Amino acid sequence: MADIAVLGHGVVGSGVLEVLLTHTQSITRRAKEEIRVKHILDLREFPELPYAGSFTKDFKVILEDPEVTIVVECMGGLEPAYTFVRKCLENGKSVVTSNKELVAAKGAELLALAQKNNLNFLFEASVGGGIPIIRPISQCLAANEVGEIAGILNGTTNFILTKMIREHMGFEEALKLAQELGYAERDPSADVEGADACRKICILASLAFGTHVYPEEVHTEGITKITLEDVAYADAWGGVIKLIGQVSMLENGHIAIMVAPMLISRESQLANVDDVFNGIVVRGDATGDVMFYGKGAGKLPTASAVVADVIDCVKHMKARKYLFWEEARPDYIEPFESIKGDFFLRIQGDCSSDETFAKAAEALPGAARIVRREEAKGEAGVTVENISEAGIRERLLRLEESGVRVLDRIRISDF
Ligand SMILES: NC(=O)C1=CN([C@@H]2O[C@H](COP(=O)(O)OP(=O)(O)OC[C@H]3O[C@@H](n4cnc5c(N)ncnc54)[C@H](OP(=O)(O)O)[C@@H]3O)[C@@H](O)[C@H]2O)C=CC1
Ligand SMILES: N[C@@H](CC=O)C(=O)O
């Protein structure tokens with residue numbers, strides 16, 4: 001019998017209990033041992049539940065119970081999750097977590113602590129909800145040099161964008177629905193402003209390239225400024241707008257990493273990833289592109305990944321699973337200003353659309369026009385290729401001096 005404890009009985013924590021209770025036989029067979037949830041920590045009480053007697057409000061009960069060998073952290077946030085997880089690892093208990101904020105902020109430290117104490121610290125659910133991605137990168141693709149990763153990493157924003165585009169639903173209404181469905185973070189600004197996707201691309205970058213990447217160092221934009229006009233231009237260009245987290249290893253040994261809404265060509269595998277689904281493309285030198293797709297948020301998909309980690313922990317009670325990366329190092333992240341890319345611009349002048357475009361073509365050599373039927377007066381959609389962030393900023397200042405306003409600027413993904 002393996003005794004475990006669950007910290008947090010919210011969307012994910014209650015899903016973990018549901019999966020363990022509804023799949024008991026098959027899980028026991030796979031873990032080669034019965035898994036019993038001995039304690040559940042939560043601030044609330046749940047008298048109506050059949051396992052109501054397992055709840056506690058005192059973390060010490062769990063920490064000081066020698067029978068509990070695995071602790072599942074599903075509370076979210078940095079504190080007290082970090083303190084509790086550290087204490088568990090210091091006291092001989094392996095930890096499974098779905099908390100990407102914790103892994104992105106403290107992953108290197110907690111992995112080192114787990115290694116020192118010959119314990120496991122697993123976090124499959126922290127990226128992509130129910131999609132297997134941590135294990136595939138660290139194990140199945142281990143023979144590759146991974147060069148790039150790009151993905152739709154946030155279910156809430158993908159759900160919102162899909163609802164806005166397909167059903168013309170307003171932003172606030174779509175967000176409310178995502179919250180009701182249990183997709184959004186407790187503070188949903190982490191979803192819509194890109195912080196959640198940033199934490200996830202940091203975890204993938206740390207895992208794939210072996211060095212911790214802190215979210216604060218990563219250029220991050222959310223979807224709050226995306227308008228239906230941008231969506232219409234993306235459609236005329238031949239694609240869709242998605243919130244993308246991407247990282248690539250450069251020849252100088254730095255990584256180029258960012259989170260931003262991007263235009264994705266309809267030809268791309270990522271273009272058809274809609275709703276709460278996530279899609280992640282990993283570019284390996286031996287495999288080429290490998291695509292991972294599935295539900296990126298929600299109770300049962302996420303619980304599925306958490307419980308799989310618990311089973312792995314039970315099976316490797318006396319052996320560590322190999323997951324590790326080094327602490328961050330200076331000058332590892334390429335300055336955002338020098339990262340080159342292609343851009344879509346929506347611009348407007350106090351003149352005809354043709355004249356507006358002519359001014360853009362002068363300020364931005366190589367600019368191409370997106371032809372769209374219902375263009376507003378004086379407005380034009382333009383694409384520009386292979387220019388650095390610093391370069392485009394400078395040229396757009398010049399364009400604005402000629403009386404043309406830049407309404408929107410969105411990157412174009414090459415995935
Ligand atoms: N929801 C999803 O689809 C996914 C979530 N995740 C991650 O999983 C984690 C949990 O998410 P989710 O289940 O949605 O969050 P919820 O807010 O639904 O659940 C968190 C639970 O933990 C409890 N809790 C918080 N702090 C404490 C504390 N100090 N002591 C005891 N209990 C506490 C909360 O109680 P109370 O409500 O009373 O405050 C709540 O019941 C987060 O890190 C999230 O980012 C990862 C993948 C997908
Ligand atoms: N809020 C997150 C939950 C899963 O990680 C999301 O919407 O993707």
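Reader: What makes up residues 8-124, in helix and strand?

Author: That span is 44% helix and 18% strand, and its end C-alpha atoms lie 17 Å apart. Helices (H or I, at least four residues) and strands (E, at least two) are DSSP runs, numbered from the N terminus. This is a predicted model, in which local features need pLDDT of at least 70 and side-chain atom pairs count only at pLDDT 80 or more, while totals for chains, interfaces and linings use all residues. Residues are numbered from 1 along each chain as its sequence is written, chains are lettered from A, and ligands are numbered from 1 in the order in which they are written.

Reader: What name does UniProt give to residues 8-124?

Author: The unreviewed UniProt entry calls them "domain: Aspartate/homoserine dehydrogenase NAD-binding". Residues 132-311 are 40% helix and 26% strand, with 14 Å between their end C-alpha atoms.

Reader: Into which domains is the protein chain divided?

Author: The division gives domain 1 (2-129 + 300-315), domain 2 (135-296) and domain 3 (340-412). These bounds come from an automatic or database domain assignment. The centres of domain 2 and domain 3, taken over C-alpha atoms, are separated by 25 Å. Domain 2 gives 11 residues to their contact, and domain 3 gives 11 residues. On the side of domain 2 that touches domain 3, α11 (228-237) and β10 (255-265) each supply at least two residues. The largest share of that side, six residues, is from α11. Sorted by class, the side of domain 2 that touches domain 3 has nine nonpolar, no polar and two charged residues.

Reader: Why is ligand 1 said to lie between domain 1 and domain 2?

Author: Both domains give residues to the shell around ligand 1, so ligand 1 lies between them. A residue joins such a shell if its C-beta atom, placed from the backbone, lies within 6 Å of the molecule. In this case 27 residues surround ligand 1, and the closest are Gly8, Gly10, Val12, Gly76 and Ala297. The elements giving two or more residues to this shell are α1 (11-22) and α5 (100-116); α1 gives the most, with three residues.

Reader: How many residues around ligand 1 are nonpolar, polar and charged?

Author: There are 10 nonpolar, 11 polar and six charged residues. Ala, Val, Leu, Ile, Met, Phe, Trp, Tyr, Cys and Pro count as nonpolar, Asp, Glu, Lys and Arg as charged, and the others, Gly among them, as polar. The shell around ligand 2 divides into three nonpolar, five polar and three charged residues. Among the residues surrounding ligand 2 are Asn154, Thr156, Tyr183, Glu185, Asp191 and Asp196.

Reader: Why does Glu185 count as buried?

Author: A residue is buried if 20 or more other C-beta atoms (placed from the backbone) lie within 10 Å of its own, exposed if 12 or fewer, and partly exposed in between. Glu185 has 20 C-beta neighbours inside 10 Å, so Glu185 is buried. Glu185 is in the loop between α8 (171-180) and α9 (189-192), and the unreviewed UniProt entry marks Glu185 as "binding site".

Reader: What makes Ala328 partly exposed?

Author: Ala328 has 15 C-beta neighbours inside 10 Å, and therefore counts as partly exposed. Ala328 sits in the loop between α12 (299-315) and β13 (340-349). Not counting residues up to four places away in sequence, Ala328 touches Thr211, His212, Val213 and Tyr214; touching asks for C-beta atoms within 7 Å.

Reader: Is Leu161 buried or exposed?

Author: Leu161 has 24 C-beta neighbours inside 10 Å, so Leu161 counts as buried. Leu161 belongs to helix α7 (residues 155-167). Leaving aside neighbours within four places in sequence, Leu161 contacts Ile223, Ile241 and Lys242.

Reader: Which residues touch the most other members of the largest nonpolar core?

Author: Val16, Val72, Val306 and Val310 do, in a core of 129 residues. Helix α10 (residues 195-209) supplies the largest share of this core, 11 residues. A nonpolar core is a set of buried Ala, Val, Leu, Ile, Met, Phe, Trp, Tyr and Cys residues joined through C-beta atoms within 7 Å. Beyond its neighbours within four places in sequence, Val16 contacts Val6, Val72, Cys74, Ala303, Val306 and Val307.

Definitions and conventions
Contact = placed C-beta atoms within 7 Å. UniProt positions renumbered as here; feature names shortened; annotations may be inferred.
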